[in-house]
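Trainee: Could you help me learn to read the places where parts of a protein touch?
Mentor: Gladly; let us look together.

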Amino acid sequence: MALLLKNGRVVDPSKGTDEVADIVIRDGVIVEIGHDLTIPKGETLDVSEKVILPGLVDLHTHLREPGREDEETIFSGTAAAARGGFTAVCAMPNTDPVCDNGSKVRFVVERAAEEGLVRVYPIGAVTKGQAGEQLAEIGDMRAEGAVAFSDDGHSISSAGMARVAMDYLKAFDAVMVSHCEDTSLSRPGVVNEGVVSTRLGLPGWPAAAEEVMVARDIRLSELTGCRVHLAHLSTARSVDLVREAKARGVRVTCEVTPHHLFLDEDALVSYDTNLKMNPPLRTAADRHALVEGLLDGTVDAIATDHAPHAPHEKELEFELAPFGTTGLETALSLVNTHLVATGRLSWNDVARLMSSGPRAVFGLPRVRIEPGQVADITVVDPEARVEVAADSFVSASRNSAFIGQRLLGRASEVLVGGYFALKGGKVVDR
Amino acid sequence: MLSCRHIMTMSDLDADDIISILDTADSFSEVNERRIKKLPTLRGRTVVNLFLEPSTRTRTSFELAAKRLSADAINFSASASATVKGESLRDTARTLSAMACDLVIVRHRYAGAPHMLAECMDAHIINGGDGIHEHPTQALLDLFTMRRTLGRLEGLTVGIIGDIAHSRVAGSLVPALRTVGATPVVIGPPTLMPARPDVLGADVAYSLDEALPTLDVAYMLRVQFERADAMPFPSNREYARLYGMNASRMASAKPEMIVMHPGPMNRGVEISADVADSPRSVVLDQVNAGVAVRMAVMYLLLGGEDSGAAA
């Protein structure tokens, strides 16, 4: 089967290129890139005015299967990923049961092979049951396909346990993904400590509760030599700490989420639980510092922290509702609207932050747009008008912090191994 | 008539609303002195006391206010309701809405509960205390008591002393005082302060003794901490020494300064018995004002609508 993508703007951050070209894909592999190409038979798709990116990957997705299939499944979550322009997602292990041994990793791998519309890379738990007390079977999980390890949702509160985990992970050169939250400072906080916690009478979750853990884990990475990836950084000081650590040569990487980049605590004018996330929305100054971190290379990846939740749980009182917003279907549109259309990021930067950068963080197979490479490709229509509505999602959940927003640009096609997962903006169910 | 449909936070009320409530409460206060204390004003209207956390004083005050206006007052409390069986607040609200009640007073341990009710039902909502957020009718009855006792509100300096961080009373009283032209000063150890007292509109002092001579009102908050870990102060004894109101401290206050307390009092902790029982304590006046002020807000929220033949 052959496919010709005609007249797209082909972006490849590994070469820094951004130029109009034709791409020929045959049997799932890119075979030719050039001008005025034709194919004798097969499908030709005119993608002029569209941007062709190496397939996007999300480092931080909650697929909820097994355990909360009412909120998301591997099928619905990967459909949401395809719709958002991702060719791969990394699945967090805080399922029920927790993904903390090889057979549970294998379950995710096998389910994804059967049902997934995009690639799924499982992340294993660092400690058994993510309880922070005893190492999980990291070697076993790695052998079954876990690409990184995380107790996401929690910090490993004991520094001694965190050190043991990092020491152990180092033998595999595996990455520890750290959710930075000192709960002795943050609990029972539900919003940023400061103006909003005072005004709404809600318990505050101070920025320092994240920053002390960022500082600790950077220091433990230096001590152990383990690669540490800091998830969903939300504060200006956290970004400063990573910047300083990178300058010293510490093996630390970090991600930021679209909601922390494009929303701040000022959005919390009432008690909308779709704006309740962990870490919480911070100040406008923090938000600007995160964007600076994207621009200067401190931040390695934009990751969604896609966290689907059942409506009957999100409709509880603010203090009782679960943390999290969905994100797979809005991330690319938000990045385009706020950073590309405004001239702050180039498409090469987007490819760096949403494709090559995150892949390097977890050591995932590289994805490039050149002959001989597997065709994992995201096609973006940068002019598409997007209205985010509660009924517009293909995710099984609709708890988006961005409902009601009008955005610019979205994925029109997604190719995974040469097969369409998204075509003409519609998810293609295989 | 008020400028708002609900009283969920003090920000729903402007200065004219507050004065209108206090003036109306003045006239109801006279009714409360009569032998027959009942008016037909809200006959046929249904008022629901939705109290989802234990409360006797506030619930009783609202119930009495509703009954004195001849409304049908129904108590829907947590222990006797579906909420203990796990019905969500939204479903409770929809259930009450289906029963066509006119006014719901809600007390809940979580902030934002009144907003949630307002989204789900047609009735008027009065916040009877939500989490550590606000308790607007308490602030209104406090203003009423201050105005009655001191003759004015504008220009008063009101010290609010104690656990500001966890006090819904302070959450409403501070902005209420600002709205009427008084100066709220929150006084307590930093461990009991909200993150940003300035957002509420309060000046901040850590020393009661330093602030005391400037105060026209000393508003003592109830101190209640049962936790052993991370206690925000070392002991009740030390708290009383630094922040408790007692006779010797009263000696360095202005002679006309009054002492207030939202109740229930911890005698010997935030207030000594001799001060609590002294003529400068207006604690029982506050309780008395509570009924009149709550009659006023019910009347002003409901009376403006078609109040029927009984009005």
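Trainee: How many residue pairs are in polar contact across the interface of domain 1 of chain B and domain 2 of chain B?
Mentor: A polar contact is a pair of N or O atoms within 3.5 Å; within protein, one must be able to donate a hydrogen and the other to accept it, and residues adjacent in sequence count only if both atoms are side-chain atoms. Between domain 1 of chain B and domain 2 of chain B, the rule gives 11 such residue pairs, both residues at pLDDT 80 or more.

Trainee: What should I know about the model and its numbering?
Mentor: This is a predicted model, in which local features need pLDDT of at least 70 and side-chain atom pairs count only at pLDDT 80 or more, while totals for chains, interfaces and linings use all residues. Residues are numbered from 1 along each chain as its sequence is written, chains are lettered from A and ligands numbered from 1 in the order in which they are written, and side-chain values use heavy atoms, leaving out hydrogens and water.

Trainee: Where are the two domains of chain B?
Mentor: Domain bounds come from an automatic or database domain assignment. In chain B, domain 1 covers 10-134 + 290-302 and domain 2 covers 136-287. Their C-alpha centres lie 25 Å apart. Contact means heavy atoms within 4.5 Å, and 30 residues of domain 1 of chain B meet 26 residues of domain 2 of chain B in this way.

Trainee: How many salt bridges are found between those domains of chain B?
Mentor: Look for a side-chain nitrogen of Lys or Arg within 4 Å of a carboxyl oxygen of Asp or Glu. The rule finds 4 salt bridges across the interface of domain 1 of chain B and domain 2 of chain B.

Trainee: What area is buried between domain 1 of chain A and domain 2 of chain A?
Mentor: Buried area is the accessible area (1.4 Å probe) that two parts lose on being put together, summed over both. For these domains of chain A, the value is about 3,100 Å², with 59% from carbon and sulfur atoms. Asn399(A), Ala401(A) and Phe402(A) supply 20% of the area that domain 1 of chain A buries against domain 2 of chain A, more than any other three residues. The assignment places domain 1 of chain A at 2-52 + 372-427 and domain 2 at 56-362. The rule finds 1 salt bridge across their interface, and Asp376(A) forms a salt bridge with Arg119(A), with the closest N and O atoms 2.6 Å apart.

Trainee: And how many residues does each chain bring to the contact between chain A and chain B?
Mentor: Chain A brings 17 residues and chain B brings 18 residues. About 1,400 Å² is buried between chain A and chain B, 66% of it from carbon and sulfur atoms. On the chain A side, Thr198(A), Tyr271(A) and Glu317(A) lose the most area, together 39% of what that side buries. The count of salt bridges between chain A and chain B is 0, whereas 6 residue pairs are in polar contact, both residues at pLDDT 80 or more.
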